[in-house]
Structures are given as C-alpha cells and as structure tokens.
Amino acid sequence: MTNELRRYYSDLRDKNRRIQEKRIEECERKSARFRSLLAEPGLVFQQAASGKMTFSAARSRLAAIEAERRNLLISMGYAGNYLDPVYTCPICKDTGEVGEPTKLCACALKKQQEQLLAGSRINERETFANFNESIYTDENQKKQGLGMKRFCERYVSALPHPEKPNLLIIGNSGLGKSFFGNAIGYAAIEKGIRTVKTTAYQCIQDILNGLDTRGDAISPFLNADLLVLDDLGTEAMVPNVTVETFFRIINERTSSQKPTVLITNLDSESLFERYGERVASRMIDGALTSIVLLRGDNLRTRMR
Ligand SMILES: [Zn+2]
C-alpha cells in the first residue's frame with residue numbers, strides 16, 4: 001500500500017470516528033437515561049474485576065444494557081445500530097486491506113487508481129477496453145492495429161519489469177500511436193504502477209517553466225515508475241535544454257531500471273539528426289528497447 005493510500009484510510013477512519021462520536025454526544029444530550037446507560041458497562045467491568053459480580057452475571061448484565069440501549073435508540077427515532085462504528089467500506093472496515101495474507105480491498109484498488117490517475121495526464125477514454133477495431137477500414141491496417149494492441153498488452157502485463165524496459169513506437173500521425181500510449185499508461189495504473197504521460201512538447205515546457213521558477217520540474221519524469229513520452233519531435237529545440245533533458249530522462253530511467261514508452265513520428269535517422277548520437281543511440285538501443293513501426297494511412301483523415 002502506498003503512503004498516500006495509507007494516509008487516505010487513516011483520515012477516513014478519523015472522519016468516521018468523529019461521526020460516531022458526534023452521534024453519541026447527540027444521544028447524550030437528548031436522553032438522561034442514555035447518559036447513565038453509557039456509564040453502566042464500566043461499572044459492570046469494575047464489579048466483575050473486583051469479584052463482586054460473577055463473569056456470567058456480568059455478561060448477561062452487559063447484554064441487557066446493550067439491548068436497552070438499542071431499544072432506547074429506537075424509541076428516540078434512530079436505528080438500533082445508530083451508534084455502531086461507521087464504516088465507509090464495511091468489507092475492509094476502512095483499512096483498505098482484506099484477507100490473509102492481506103491484499104488490497106476493492107475500495108482500495110479503486111482509490112489507488114483515482115490517486116494514480118490524478119496528475120498522470122492519462123485519460124480514461126483511450127484504453128484497451130475502448131479499443132475499436134472498426135476504425136480500420138483496411139484489412140492490413142486492422143491486422144496491424146490488433147497486433148499492436150496485443151503487443152502493448154503483453155508489454156503492460158510484464159510491467160514493472162519487461163524484458164526490454166523501453167518501448168519505442170514509430171509511425172505517421174493518426175495511426176493511433178497516442179491511443180496505445182495512453183492505453184498502456186491506463187492499464188499500468190490499473191496494476192498500481194505510478195505512471196506519468198506527457199507530450200515531449202509539454203515536458204520541455206515544464207522544464208522551461210521550472211527554470212523560470214527555479215522549481216524541480218524534471219523529477220516527475222525521472223521518478224515515475226512508468227513514463228509515456230508522446231509526440232517526441234514536436235517539442236521546442238531549446239539549446240542546452242531539450243537534448244539535455246531527454247538525455248537525462250532516458251539515461252537516469254534506464255540506470256534505475258524504470259520503463260519508458262517513447263512515441264514519435266520520427267524514424268531512426270531523423271532521431272539521430274534531431275537529438276544527436278548520444279541520445280538517439282539510447283532511444284533505439286535494441287538491448288533495452290522494443291521498437292514497433294506502424295505503417296499506413298492516417299486513420300483520422302479516413303474517418304472523416
Ligand atoms: Zn474496502
């Protein structure tokens with residue numbers, strides 16, 4: 001469980017405990033009998049502990065107090081369980097974990113996904129589940145699209161440590177490259193992997209803004225457990241910034257064994273031209289990177 005998720009459940013339990021306390025106070029205000037009933041279990045425990053009452057007598061007395069309390073609540077117009085502990089998720093009792101050995105409760109998986117999606121720049125529309133092969137009018141295109149989907153799904157299933165950590169998707173605009181990049185990111189988040197998606201343009205803008213504000217803009221790109229860097233080649237070529245940024249991102253992520261998905265219109269020759277040997281050779285390093293070429297017409301133009 002991530003620290004962020006742990007904090008969420010700790011806050012949730014606090015919040016629900018306060019609701020329960022407020023309800024008890026409310027009943028105390030409304031009924032004198034209720035107030036005295038609240039004190040009685042303590043007295044029973046004392047008497048049982050000091051031997052003035054047998055344990056079985058104590059047990060039946062406690063049951064009677066509980067029954068009276070429930071009836072009193074009902075006569076006051078509340079449900080009999082009005083003062084029971086409040087749980088947002090009764091299954092895990094707001095711990096986020098179930099079973100032995102423990103695993104994340106369904107509510108925790110959902111919350112984790114929300115937390116990971118926020119700030120990831122990944123959308124919830126372009127997913128493998130929403131992949132629609134009918135956008136392909138050409139049989140070869142459809143085959144290529146389905147093959148691409150299978151390939152990307154295999155990559156995701158091997159995350160966080162695919163045999164080759166990096167994936168380079170090369171193809172003309174409008175072949176669904178960004179769709180697959182987003183779908184990979186979304187599926188990774190479903191697996192609980194902290195993912196960041198960005199366009200190269202936005203990435204460099206973030207870095208430039210960071211230079212202005214002296215902020216640390218590069219960390220999210222270095223630290224994400226999966227980075228999807230889309231539209232490589234659309235960013236501004238800022239001297240001493242663009243190439244250096246991509247070098248640092250690819251180099252540091254590779255040395256810390258964090259997977260990266262690169263998506264671009266540029267073929268390998270153009271990658272060398274634009275980013276130079278030092279960066280491009282890392283981008284297309286066959287030992288670390290699976291390279292996929294998407295060929296064919298622009299789907300967007302054909303859909304019109
Ligand atoms: Zn739960």
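This is a predicted model: local features need pLDDT of at least 70, side-chain atom pairs count only at pLDDT 80 or more; totals for chains, interfaces and linings use all residues.
The domain assignment of the protein chain places domain 1 at residues 3-98 and domain 2 at residues 121-303. The C-alpha centres of domain 1 and domain 2 are separated by 54 Å.

Helix 4 comprises 12 residues, 106-117. Its end C-alpha atoms lie 17 Å apart, which agrees with the 16 Å that the helix should span at 1.5 Å a residue. Ala108, Gln112 and Leu116 are the buried residues considered here. Just after helix 4, glycine 119 adopts a positive phi of about 85°.

The largest nonpolar core contains 41 residues, of which Ile184 and Leu229 touch the most other members. Two or more residues are given to this core by each of helix 5 (139-158), strand 3 (166-171), helix 6 (177-190), helix 7, strand 5, helix 9, strand 6 and helix 10. Helix 6 supplies the largest share, 8 residues. In soluble globular proteins, nonpolar side chains tend to be buried together. When neighbours within four places in sequence are left aside, the contacts of leucine 229 are Thr198, Ala200, Cys203, Thr260, Val261, Leu262 and Ile263.

Helix 9, one of the elements that contribute to this core, spans residues 242-255 and has 14 residues. The distance from its first C-alpha to its last is 20 Å, close to the 20 Å expected at 1.5 Å a residue. Its buried residues are Thr242, Thr245, Phe246, Ile249, Ile250 and Arg253. Seen along the axis of helix 9, these buried residues fall within an arc of 115°, so they line one face of the helix. The elements against which the buried residues of helix 9 pack are helix 7 (200-213), helix 8 (219-223), strand 5 (226-232), strand 6 (260-264) and helix 10 (268-283).

Key: Residues are numbered from 1 along each chain as its sequence is written. Helices (H or I, at least four residues) and strands (E, at least two) are DSSP runs, numbered from the N terminus. The expected span of a helix is 1.5 Å times one less than its number of residues. A residue is buried if 20 or more other C-beta atoms lie within 10 Å of its own, exposed if 12 or fewer, and partly exposed in between; C-beta atoms are placed from the backbone. The arc is that of the directions from the helix axis to the C-beta atoms. Two residues are in contact if their C-beta atoms, placed from the backbone, lie within 7 Å. A nonpolar core is a set of buried Ala, Val, Leu, Ile, Met, Phe, Trp, Tyr and Cys residues joined through C-beta atoms within 7 Å. Domain bounds come from an automatic or database domain assignment.
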